[in-house]
Amino acid sequence: MDIYLKDPPPKYPIFIEGIRRAPSRGFRLSKPQTETALKNALRYVPNEYHEQIAPEFLDELFKYGRIYAYRYRPEGRIFGKPIDEYKGQCIEGKAFQVMIDNNLDFETALYPYELITYGETGAVCQNWLQYRLIKKYLECLTDRQTLVIESGHPLGLFPSPASAPRVIITNALMVGMFDTQEHWEIAQQMGVANYGQMTAGGWMYIGPQGIVHGTYNALLNAGRMKLNIGEGGDLKGKLFVTSGLGGMSGAQGKAMEIAGGAAIIAEVDESRIQTRYNQGWVRGYSNDLKQVFSDACAAQRDGKPHSVAYHGNIVDLLKYAIDNDIHIDLLSDQTSCHAPYDGGYCPQGVTFAERTEMLKNDREGFRELVDNSLRKHFEYIQTIVGRGTYFFDYGNSFLKAVYDAGVTDVSKNGVDEKDGFIFPSYVEDIMGPELFDYGYGPFRWVCLSGRDEDLTKTDAAALSMINPNRRGQDRDNYMWIRDAEKNKMVVGTKARILYQDGEGRRDIALKFNDMVRKNEVGPIMLGRDHHDVSGTDSPFRETANIKDGSNIMADMATQCFAGNAARGMSLVALHNGGGVGIGKSINGGFGLVLDGSGRVDEIIKSAMMWDVYGGVARRAWARNVNSISTSEKYNSGDNGHITLPFIPEDGLVENLINKHRENIK
Ligand SMILES: NC(=O)c1ccc[n+]([C@@H]2O[C@H](COP(=O)([O-])OP(=O)(O)OC[C@H]3O[C@@H](n4cnc5c(N)ncnc54)[C@H](O)[C@@H]3O)[C@@H](O)[C@H]2O)c1
């Protein structure tokens, strides 16, 4: 076997006009680091081409702070084709090619030429040499081998039983003392670290649809808990203001519309507004604040769903709402605050083009502007909240970024960030107790045949498996999947997201595998977002409602990953940083190819439950009441057993501690 990129370098590709490009993030390596970076990239290229290619790579490093190896990008549009059109020795090898190509589609990816799928910096792999080599490996992969990917680099194929994962991916896992943004940036420029975000480097992105259901759930439940709309009510007549129309944030307008309300979304980059407008994810846009508010408020008055984009900075939008005394019901933010100084947050007073220029030429000045803007942003939020608005951090590390910008008042304990912030994260208040603690999370599937009819059939099958009368969450999920096709959410591959609990995920998966077995549909890829019950340890997000002090630990996500590998998921992934930034989370995901076999039935039975109940058990041990009741039910069956906590009577511990107050600082 001989798997290398031996062919002569392809001709330099033509960049298609109008495709969004990643900003240059400046070049920061020392001389020895630069030499190493160049040698690192040349490892993929046969020696006879080094003289030709080395200057080109060095030029990229100077210009962009990265070696993308643009020359090796295949010409034209890359997209997830029907599985039968891919070469491969096993179904998984072909299926992963569909998933990777979907992550790089001009229609789905944020910066397709730079291999960035979403979240400003979330990449499939580091460069086009890796992309080509990974594809070659996937074409050769057999059902007795495992392909190992380390930060985008295909390490090789290793023998393994049919029951083992076919691909194991890790991204950006750094040794503790070096696990900082600064070390990370150098490692990335040197070509040894990839920021996988979540489903970008985990090859499981399904376009902005992937987050619509979660956003819909978050908004609906925020409304029910904070706006007194009552059980089963929707957001008719309510106004939601937020920012970001990027890879994930682009889902916010659609989610609010499905929930029945009106949304205004600020976005500084006109091209992203255009993308979402063309895809029907916002109904209109303008750079005139008066116009934007009058459109949204008219829809609010008429009780009609509506979403409108404001082309401009969120800070200006909030100032306008304050000056004109406009009432906002729900307020959030989804700029890429996991990487604010890397271009994720555009400071007020600077256009998008100026931000891009500064990123390249004036990083220090940019940093200062970001900090000033975040401080002002936070001040306006406080004013608006003072007028009766419910603000929540929507998992983009916004409050942490405000804290890092020097606003210590934002921290709950006034000392550090360990106890969270004065405003709740949406997980702390909503998603954690209402969904994750029960095991509900972002189950998703992709119909690998590429056929619309397969998606229609799987939607119907999933609907038939949900009992809408079991719990409020099931009723919402039932309505979600009933209306999913009508809501036209597919961008890229024929995929669907559907929040389900452990049993729901298992039963729907078994049903789908049976449908594949009976040839009612083609093969299906199952997966989930990493933003889930068990897959992610992230103190300001997924594990924000864990209050026993263990929210700084990453045992759960690591166990989830290892257990999924042991149970034979087709792909397992573990990353540093997804969603919130380097050093701030450990997150993992999986992919499982449904081929209709009995082998896959057995994997579903153990792995789908493991993937959810590891997290439910950990949440129960942290004394989360809904996880305790969910675990009690689990313990009453013959699945296994979860250790449950004994909880002291109210006041017992507090009274004892009070008696010994003098011993405590
Ligand atoms: N809540 C969740 O479930 C969830 C899921 C995935 C990602 N995220 C996080 O949400 C954030 C956004 O993700 P994404 O994939 O949409 O990222 P993205 O970078 O594609 O989009 C963010 C958008 O915000 C815009 N923006 C930046 N600063 C702005 C400002 N001051 N005013 C107006 N617009 C501004 C950018 O132009 C960009 O289009 C990331 O931090 C990501 O990690 C949250």
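This is a predicted model: local features need pLDDT of at least 70, side-chain atom pairs count only at pLDDT 80 or more; totals for chains, interfaces and linings use all residues.

1. Helix H6, residues 209-226, packs against helix H14, residues 426-434, at an angle of about 100 degrees, and their axes are 10 Å apart. Angles of 65 to 115 degrees count as roughly perpendicular, and H6 and H14 are therefore described as roughly perpendicular to each other.

2. On the H6 side of this contact are Gly214, Asn217, Ala218, Asn221, Ala222, Met225 and Lys226, which meet Tyr426, Asp429, Ile430, Met431 and Glu434 in H14. By class, the residues of the contact of H6 with H14 comprise 6 nonpolar, 3 polar and 3 charged.

3. Serine 243 belongs to strand E6, residues 239-243, and is buried, because its relative accessible area is 1%, where buried means under 20%. Leaving aside residues up to four places away in sequence, Serine 243 touches Ser249, Gln252, Ile265, Ala266, Ile314, Ser332, Asp333, Gln334 and Thr335.

4. The largest pocket holds about 860 Å³ of space, and among its 37 lining residues Gln181, Gly581, Ile582, Gly583 and Lys584 are the closest to its centre. Helices H5 (181-189), H12 (363-386) and H13 (398-404) each supply at least two residues of the lining of the largest pocket, which is made up of 14 nonpolar, 9 polar and 14 charged residues.

5. For the second largest pocket the volume is about 370 Å³, and its lining consists of 20 residues, with Glu257, Ile258, Ala259, Asp483 and Asn487 nearest the centre. At least two lining residues of the second largest pocket come from each of H6, helix H7 (252-258) and helix H16 (472-482), and the lining divides into 7 nonpolar, 4 polar and 9 charged residues.

6. The count of cavities of 30 Å³ or more is 3, and the largest cavity contains about 540 Å³ of space. Its lining has 40 residues, of which Gly119, Ser249, Gln334, Thr335 and Ser336 are the closest to the centre. Strand E7 (262-267) and helix H11 (352-361) each supply at least two residues of the lining of the largest cavity, where 14 residues are nonpolar, 19 polar and 7 charged.

7. Helix H1 (31-42) and H5 each supply at least two residues of the lining of the second largest cavity, and H1 gives the most, with 3 residues.

Note on methods: Residues are numbered from 1 along each chain as its sequence is written. Side-chain values use heavy atoms; hydrogens and water are left out. Axes are lines fitted to C-alpha atoms, for helices over the stretch in contact, and angles run from 0 to 180 degrees between N-to-C directions. Helices (H or I, at least four residues) and strands (E, at least two) are DSSP runs, numbered from the N terminus. Angles under 35 degrees count as roughly parallel, over 145 as roughly antiparallel, 65 to 115 as roughly perpendicular and the rest as oblique. Contact means heavy atoms within 4.5 Å. Ala, Val, Leu, Ile, Met, Phe, Trp, Tyr, Cys and Pro count as nonpolar, Asp, Glu, Lys and Arg as charged, and the others, Gly among them, as polar. On a 1 Å grid over the protein atoms alone, a cavity is a set of points where a 1.4 Å probe fits but cannot get out, and a pocket is an open set with protein on both sides within 12 Å along at least five of seven lines; lining residues have an atom within 4 Å of a point. Grid points are joined across faces, edges and corners, and a volume is the space filled by probe spheres set on the points. Buried means under 20% relative accessible area, exposed over 50%, partly exposed in between (1.4 Å probe, protein chains only).
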